[in-house]
Amino acid sequence: MKQCFTLSKIYTVLRLVSGFTLILLGLLITPLPIPIGLLLIAFGLTLLAYDSPSLKNKIRNFRKKYPKLSDKLRQVEPRTFFIFRDVLKKTDPAREEID
């Protein structure tokens, strides 16, 4: 039986694998003095949230719980890469965009 892989499926798999990898690396690096691990975890969560509506809802609820953090993320949003900007917009509690 022949499998047909579309480009969007390949991108989805790459995002999921990259997201999990970044989170694992971030967890390993977090104890080091430089807080690069936290950035890797944030980027990994962003990649996973791009394809996961349930994770987007959890991030949205987290941002509702911490409005100061949400305000800071809203300020940074225009200066981020497109994939991060898209996830930040979709998890913004002020926009209430439901997937």
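Does L14 count as buried, partly exposed or exposed, and what is the relative accessibility behind that label? L14 counts as partly exposed because its relative accessibility is 48%; buried means under 20% relative accessible area, exposed over 50%, and partly exposed in between (1.4 Å probe, protein chains only).

The structure is a predicted model, in which local features need pLDDT of at least 70 and side-chain atom pairs count only at pLDDT 80 or more, while totals for chains, interfaces and linings use all residues. Residues are numbered from 1 along each chain as its sequence is written, and side-chain values use heavy atoms, leaving out hydrogens and water.

The protein contains five helices and zero strands (DSSP runs, H or I of at least four residues for helices and E of at least two for strands, numbered from the N terminus). Of its 99 residues, 26% are buried. L14 lies in helix α1, residues 7–29.

Two helix pairs are listed below, with axes fitted to C-alpha atoms over the stretch in contact and angles from 0 to 180 degrees between N-to-C directions.

| Pair | Axis separation | Angle |
|---|---|---|
| α2 (residues 36–51) and α3 (residues 53–65) | within 6 Å | roughly 125 degrees |
| α3 and α4 (residues 67–76) | 5 Å | about 110 degrees |

The angle makes α2 oblique to α3, whereas α3 and α4 are roughly perpendicular; angles under 35 degrees count as roughly parallel, over 145 as roughly antiparallel, 65 to 115 as roughly perpendicular and the rest as oblique. Between α3 and α4, contact (heavy atoms within 4.5 Å) involves F62, R63, K64 and K65 of α3 with P67, L69, S70, L73 and R74 of α4.
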